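This briefing is meant for a reader who is meeting the structure for the first time. Please look over the sequence and the model before reading on.

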Amino acid sequence: MSDRRVVFGKRADGTLGVFVSPVGIDAFTATDDQLLLNISSKIPQLILLGAVASSQSVPLGVGRAPYVFLTNRQSMGTVPGYGALDGPVRPSPNFAYGAPTGFAYADVASDGSAMSVSVPGGNRVAYAVYNIPFS
């Protein structure tokens, strides 16, 4: 049984943070996926940014499920005063700017390998993928 189930500071790989492992695993040398708690960043970091115009799968390859934020891009041409403005809209979609045909959403694989982005007809969806600092 390991004596180092909790590490505050630097681990064997040089990562700084707070790390907790399950019984029988050394937190000092464990891989990230073996840890119960891994606090190695105070701030979520953007790891992927993109946009899709139709429903599709987007490869991620991040090792665990990340945070994903979706933003529709819709025309606001039907709203007085906006003309032909087309831009990001929150929530995704926003019913104030027309009648969307559905909601944008992403199904993210639990292992972080990919996400399937569903795009409502006639819209474009921008996505921002962030790591998870507290797992």
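This is a predicted model: local features need pLDDT of at least 70, side-chain atom pairs count only at pLDDT 80 or more; totals for chains, interfaces and linings use all residues.

Residues are numbered from 1 along each chain as its sequence is written, and side-chain values use heavy atoms, with hydrogens and water left out.

**Overall make-up**

- The protein has ten strands and zero helices, where strands (E, at least two residues) and helices (H or I, at least four) are DSSP runs numbered from the N terminus.
- Of its 135 residues, 33% count as buried, a word that here means under 20% relative accessible area, with exposed meaning over 50% and partly exposed in between (1.4 Å probe, protein chains only).
- The accessible surface comes to about 7,900 Å², and 58% of this belongs to carbon and sulfur atoms; the areas come from the Shrake-Rupley method with a 1.4 Å probe.
- Among contacts (heavy atoms within 4.5 Å) between residues at least 6 apart in sequence, 49% join residues at least 24 apart.

**The three-stranded sheet**

- An open sheet of three strands runs in the order S5-S9-S8 with antiparallel pairing, two strands being paired if DSSP finds at least two bridges between them.
- Its edge strands, each pairing on one side only, are S5 (56–59) and S8 (105–108).
- Four bridges join S8 to S9, and aspartate 107 has serine 116 in S9 as its bridge partner.

**Serine 118**

- Serine 118 is found in strand S9, which covers residues 114–118, and it is buried because its relative accessible area is 17%.
- Leaving aside residues up to four places away in sequence, serine 118 touches Ser55, Phe103, Ala104 and Tyr105.

**Aromatic rings**

- The model has one aromatic pair, counted when ring centres of Phe, Tyr or Trp (its six-membered ring) lie within 6.5 Å, with planes under 30 degrees apart called stacked, over 60 edge-to-face and the rest tilted.
- The rings of phenylalanine 69 and tyrosine 130 have centres 5.6 Å apart and planes at 80°, so this pair is edge-to-face.
- The pair links distant parts of the chain, 61 residues apart, with phenylalanine 69 in strand S6 (residues 67–75) and tyrosine 130 in strand S10 (residues 124–130).
- Phenylalanine 69 is partly exposed at 47% relative accessibility, and tyrosine 130 is partly exposed at 25%.
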